[in-house]
Amino acid sequence: MKKNITINLCGRLFQIDEDAYELLQQYIDSLRASFGKQEGGEEIADDIEERIAELFDELKAKGTVAINIDHVKDIITRIGRPEELADDNGNDNPNDNENRGHRYDSFRTAAQGIRDNVRARTKGKRLYRNPNDKLLAGVLSGFAAYTGTDATWWRIGYALLLLGSNLFVFPLFKLFHFGGFIFHFNLAFVLFYIVLAIAMPEAKKPKEVLEMEGKDVTPQTLADVVVEEKDRRQPVQKGHMRGCLSVLLKMLVGLFVAIAAVFGLVLLCCFLLIVGTLIFIFTVPGEIRHGLPFDLGDLNLAEAYYFHPWAVVLFVASLLLALFIPLYAIGHMLLSKAGRVHPMSTAQRIAWIVVWLVSLFAIFPSGGAIMKYNEWSRFERQAEVSDWMTDYARDYLKEHHLKIDSRHHCYDDFVKSGEYFTGDTTMAYIDVEMWGPEGQRHFQLSSKYGQEVEEGAYIVSCNVRADGGGVCLFAQAFNGSYTAMHSVPAQGKEGGLGNGWQHVEMEVKIDGPTTLYYGISSDPKFTKVPCKAKWFSAADFKVEKKEELKNEELQ
């Protein structure tokens with residue numbers, strides 16, 4: 001049977017037996033004797049005593065009633081002997097290489113002490129957002145409650161880290177042209193807080209408040225939490241510094257809410273514009289919306305929609321989700337601030353974030369596919385004539401003084417023979433076959449040099465056939481002061497002069513001497529008429545003065 005002694009170590013009471021007390025007293029005396037000769041040695045000894053008291057607390061927490069000599073020996077081994085600690089604090093040692101193991105043990109002991117301190121502070125606690133001491137979402141006060149520290153220092157540290165980085169560190173990055181990094185860091189800094197506010201649950205129930213503070217959940221502690229909650233609702237006089245900080249943060253919250261409201265209004269306008277455009281495109285006939293900026297072609301989506309509709313559907317759906325989810329989150333936040341709805345649960349927030357991220361990632365492959373087909377289409381439209389035209393077609397255009405103004409989704413062999421209405425199988429003519437989405441396929445051909453004309457009335461004519469509307473015979477003055485159009489009736493290869501051919505002419509009035517160009521076009525941007533035709537043929541372009549024609553008829 002051993003006699004136990006109650007000792008006071010750093011303001012804490014411990015039960016310890018006589019043998020352990022003597023060993024502990026000798027160790028502390030040797031520490032003070034060893035460090036007493038150094039500058040600041042008393043503070044070092046006090047810190048070691050504080051560490052010993054913390055280790056004794058851990059033993060008490062594990063159920064140890066009285067500390068024995070084995071416990072003291074173990075603590076001395078973990079902390080180190082006085083001579084080892086003295087060497088680590090700057091004493092010269094000729095056998096430095098031999099003592100590296102001791103130095104490593106000391107560093108490991110210090111790291112172990114830090115870890116033990118953190119574990120002691122967080123033992124039995126769960127990480128929650130603290131609703132009882134929050135200025136924004138309670139994230140930083142939640143970390144403060146979890147670590148047993150003051151929330152004010154967490155807030156000041158967060159603000160200083162953000163502001164200090166912008167004021168002192170980032171100017172160096174900007175000097176070396178890393179300005180984009182500054183923006184992304186600030187954005188990530190803010191988004192990190194927002195993600196934590198969404199992911200960390202809030203301690204709403206009394207049980208969760210007790211778990212956040214690391215207290216046992218008993219009927220008495222639950223009742224205490226309820227009473228504290230009632231008392232907390234009463235107005236409390238705050239300190240001057242805390243009150244100023246609270247007012248400042250409330251102003252920032254108000255500014256954030258105002259910016260969020262404006263941003264939500266912009267998102268709402270964009271969302272409604274996209275939805276309205278889609279409804280207009282898929283419900284209003286092309287003839288009505290022609291000329292208006294509401295078409296797949298005008299939106300640069302026609303190419304991809306024709307080849308891969310899934311790319312356009314995925315892109316539009318992902319874009320709508322990417323706009324709708326933050327719009328919904330902002331609206332829900334404003335309504336919850338007004339007390340109209342309950343705040344979203346953690347599960348709802350995580351689900352919305354996952355869906356939003358998926359929609360953002362889906363925009364890139366679908367948008368890349370759309371850009372791919374648009375780029376391919378642009379190169380096709382800009383291709384030089386010599387890159388694709390056959391020799392037969394090139395000779396025909398040269399012989400008849402014609403040129404290609406534009407073409408898209410057309411086959412290269414656009415000059416053929418064999419179906420002319422005269423029966424002459426050697427007669428060559430323009431025969432264009434088009435493919436692709438309506439509004440994108442087109443072919444425009446015109447006179448290369450035009451024809452010099454004087455003031456008066458002229459008849460522009462040609463023989464033509466088409467399987468659909470949208471093909472027009474046109475005439476245009478050199479100075480652009482006059483343009484005439486005449487639609488070609490669609491009748492395919494039936495009727496007319498034979499094989500669907502028909503003679504089309506139109507009257508053109510010229511106010512003064514000019515060069516008159518003529519040709520045929522199915523380009524909706526030029527004719528202002530939707531092109532329904534998938535093929536058309538043309539030949540025998542002529543420009544004749546109307547008076548001369550009358551004289552020929554009279555003769």
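1. **Ground rules.** This is a predicted model, in which local features need pLDDT of at least 70 and side-chain atom pairs count only at pLDDT 80 or more, while totals for chains, interfaces and linings use all residues. Numbering runs from 1 along each chain as its sequence is written, and side-chain values use heavy atoms, with hydrogens and water left out.

2. **Positive phi.** Lys-528 is exposed, with a relative accessible area of 60%, and has a positive phi near 65 degrees despite being a residue other than glycine. Its place is the loop between helix H18 (524-527) and strand S13 (535-545); helices (H or I, at least four residues) and strands (E, at least two) are DSSP runs, numbered from the N terminus. Asn-499, also not a glycine, has phi near 55 degrees. Asn-499 sits in the loop between strand S10 (483-487) and strand S11 (502-510) and is partly exposed at 38%. Worth a look, because most residues other than glycine have a negative phi.

3. **Helix H9.** In H9 (residues 206-213), the buried residues are Val-209, Leu-210, Glu-211 and Met-212. Just after H9 comes Gly-214, with a positive phi of about 75 degrees.

4. **Arg-129.** Which backbone oxygen lies 2.9 Å from a polar atom of the Arg-129 side chain? That of Met-200. Arg-129 is in the loop between helix H5 (100-122) and helix H6 (139-147), and is buried, with a relative accessible area of 5%.

5. **Arg-12 and its partners.** There are 13 salt bridges, counting a side-chain nitrogen of Lys or Arg within 4 Å of a carboxyl oxygen of Asp or Glu. Arg-12 pairs with Glu-50, closest N and O atoms 2.6 Å apart. That pair links strand S2 (residues 12-17) to helix H2 (residues 41-61), with the two residues 38 apart in the chain. Arg-12 also forms a salt bridge with Asp-57, at 2.4 Å between the closest N and O atoms. Here again the link runs from S2 to H2, across 45 residues. Arg-12 is partly exposed at 23%, as are Glu-50 at 28% and Asp-57 at 29%.

6. **Other salt bridges.** Lys-546 and Glu-507 meet in a salt bridge (3.0 Å, N to O). Lys-546 lies in helix H19 (residues 546-554) and Glu-507 in strand S11, so the pair ties together parts 39 residues apart in sequence. Separately, Lys-416, Glu-419, Asp-431, Glu-433, Arg-465 and Lys-493 are linked in a salt-bridge network.

Notes: Buried < 20%, exposed > 50% of the residue type's maximum accessible area, 1.4 Å probe, protein only. Polar contact = N/O pair within 3.5 Å; in protein donor to acceptor, adjacent residues only side chain to side chain.
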